[in-house]
Amino acid sequence: MNATLKSLSTTLAAGKASSVELCQDYLARIQALNVSLNAFISVDADKTLAEARAADALRASGQGGLLTGAPIAHKDIFCAEGWLTTCGSKMLSNFISPYDAHVIERFKAAGMPCLGKTNMDEFAMGSSNETSFYGPVRNPWDAERVPGGSSGGSAACVAARMAPAATGTDTGGSIRQPAALCGITGLKPTYGVVSRYGMIAFASSLDQGGPMAQTAEDCALLLNVMAGFDARDSTSLERPKEDYARGLNQPLAGLRIGLPREFFGPGLVGDTAKAVEEAIAQLRKLGAETVEVGLPNSNLSVAAYYVLAPAEASSNLSRFDGVRYGYRTPEYRDLTDMYEKTRAEGFGSEVKRRIMIGSYVLSHGYYDAYYIQAQRLRRLIANDFSAAFQQCDVILSPTAPTTAFKLGEKTADPVEMYLSDIYTIAVNLAGLPGMSLPCGFDARGLPIGLQLIGNYFDEARMLGVAHQYQLATDWHQRRPAMEGDA
Amino acid sequence: MSLSAEDVKRIAKLARIRVNEDEVVAYQSQLNGIFGLIEQMQSVDTAGIAPMSHAQDLFQRLRADEVIEPDRRAAFQAIAPQTENGLYLVPKVIE
């Protein structure tokens, strides 16, 4: 159950296990653990096993690829034909998707069976998985704590070894922050590398899908499947195909790692600060050099984000009106009454707050002061990164200011919750690739995440740094003790 | 800046979300907290900085004006709340 995708690939290729057998094992583990963790919204063993049988047939015919037969869980934000696709919301609690997202098509074509759809913050709005209509996910390291969000179910299921890998999406940190809080590895690609077609939209200029797994090597293999041009996403980039695993064995000698002084200030304390310092020392031992860089406008990234993301969300979520699909209120007087009640009943309070912020900042008389000012700050934040990358090859920081916090600890104050993403949000605003990997534990035994930020399209190098670190450390191999485990 | 209860009701109306009086009170306090965070933006002089709407310099791709998608109306309407003769049904808008 501790197997990486890479080792499952070897097992399958050697004929030591079939995809059906692997899927049965994972489905059994999901059944045993999901009652307590709530990491999955939908599981459908018949569908999974049908895909596993097809994968075994594909391998038998000699047409399988590297990952054919290895299963994966998908965040419930990805439309998958015939699967309930809720996005964590009551609004889509009856939505059986009639089509596949591009990412789902890619994994199907690779012959990777879907183990189920994972729980998430409603419409990906949250940093703790507590805004889900389907209830919070529990952190496998401590059931009283949150897994992070919004891809909390994906992070928790990989940490608890209910799946060898999962997909996630990241608008302000939603892959990296839960990966950090659950002790796994997760990557947000450069904006435009992974198609957003069929990925339910939150903030379209920031949303990006990516892989979550135990190791950087597995993330590279998954990104090879996920990435690629798709004409149905108008922001999908037409670039030559690349092998994201090509830099994994690159030694770190001469690598310049930038340390932003703004991220190593007084806000960084305790065990997180210590673990990150030790990770830096380890990377230096592997031959990397460090250089101090500045990201002077990064302190305004959360403020700018909470204008831009809600503005885009208020527009994207206007499609949920009870007319064409999803929830419709049972009783209404007229069309406006139907819209207002459908949306009041179908959306949870965090989603409503963000739609209202977005509606306000885009309204007449406020547009320049908020929306345009935020877009100008976005430019300054992106320029800071460009300047920093003149001096370094990758940037390093903590992923999150704290380890996993308690359920209910931050739900009363939205602003406090938003500050969980202070180290990750600037990366989305600039459109850069970023990842989180495990780098230690705090005194309570909770995992700590290390963030790497790459220059545009520099995923392969960033993954190489992470892989070299993981060859020298074993933080990524630690897993939580689950009930029933030997 | 501080939002009044009337502002909250107006925003909810713009967003097509029904709110009751208790919710107005809660949203007013939460939204004002969030705008307190957002106001930090005003501390920076951004005169002369071009707004950045997107991470990449993109242009709108165009395609030939040809039918490329199959007709899947039945599949899409099968999941609609209410349809009739291939049309989506909503409450009467014009008398």
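How many residues lie between strand 10 of chain A and strand 11 of chain A in their hairpin?

**Before you start**

Residues are numbered from 1 along each chain as its sequence is written, and chains are lettered from A and ligands numbered from 1 in the order in which they are written. This is a predicted model, in which local features need pLDDT of at least 70, side-chain atom pairs count only at pLDDT 80 or more, and totals for chains, interfaces and linings use all residues.

**Stop 1: chain A as a whole**

Select chain A, which has 15 helices and eleven strands. Helices (H or I, at least four residues) and strands (E, at least two) are DSSP runs, numbered from the N terminus. The C-alpha trace of chain A spans about 65 × 55 × 45 Å along its principal axes.

Of the 486 residues in chain A, 62% are buried. A residue is buried if 20 or more other C-beta atoms lie within 10 Å of its own, exposed if 12 or fewer, and partly exposed in between, with C-beta atoms placed from the backbone.

**Stop 2: the hairpin**

Now select residues 434–441, strand 10 of chain A, where seven of the eight residues are buried. Two strands pair if DSSP finds at least two bridges between them. Here is the reply to the opening question: five residues lie between strand 10 and strand 11 of chain A in the hairpin. Click on Gly445(A) in the turn to find a positive phi of about 85°. For a pair across the two strands, pick Gly440(A), which stands opposite Ile448(A) in strand 11 of chain A.

Strand 10 of chain A also pairs with strand 5 (residues 185–188) of chain A, in the antiparallel sense and over three bridges. Gly434(A) in strand 10 of chain A is the bridge partner of Lys188(A).

**Stop 3: two packed helices**

Select helix 7 (216–226) of chain A and helix 15 (residues 459–472) of chain A. Their axes come within 8 Å and cross at roughly 150°. Axes are lines fitted to C-alpha atoms, for helices over the stretch in contact, and angles run from 0 to 180 degrees between N-to-C directions. The crossing makes helix 7 of chain A roughly antiparallel to helix 15 of chain A; angles under 35 degrees count as roughly parallel, over 145 as roughly antiparallel, 65 to 115 as roughly perpendicular and the rest as oblique.

Show side chains for the contact: helix 7 of chain A contributes residues including Ala220(A) and Leu223(A), and helix 15 of chain A contributes residues including Leu463(A) and Ala466(A). Two residues are in contact if their C-beta atoms, placed from the backbone, lie within 7 Å.

**Stop 4: helix 4**

Helix 4 (residues 102–109) of chain A has buried residues His102(A), Val103(A), Ile104(A), Arg106(A) and Phe107(A). What do they pack against? Their partners are strand 2 (72–75), strand 4 (165–170), strand 6 (208–213) and helix 7 of chain A. Just after helix 4 of chain A, Gly111(A) takes a positive phi of about 75°.

**Stop 5**

Most residues other than glycine have a negative phi, and most peptide bonds are trans. Go to the loop between strand 3 (114–118) and helix 5 of chain A, where Ser150(A) lies. A cis peptide bond joins Gly149(A) and Ser150(A), with omega about 10°. In this loop you will also find Phe123(A) and Ala124(A). Phi is near 50° for Phe123(A), while Ala124(A) has a positive phi of about 65°.

**Stop 6: over to chain B**

Finally, select chain B, with three helices and two strands in the pattern α-α-α-β-β. The radius of gyration of chain B is 23 Å, well over the 12 Å that the globule rule gives for 95 residues, so chain B is more spread out than a compact globule. Where the chains meet, 55 residues of chain A are in contact with 39 residues of chain B. Helix 12 of chain A gives the most to the side that touches chain B, with eleven residues.

How values were computed. Rg over C-alpha atoms; globule rule 2.2 N^0.38 Å.
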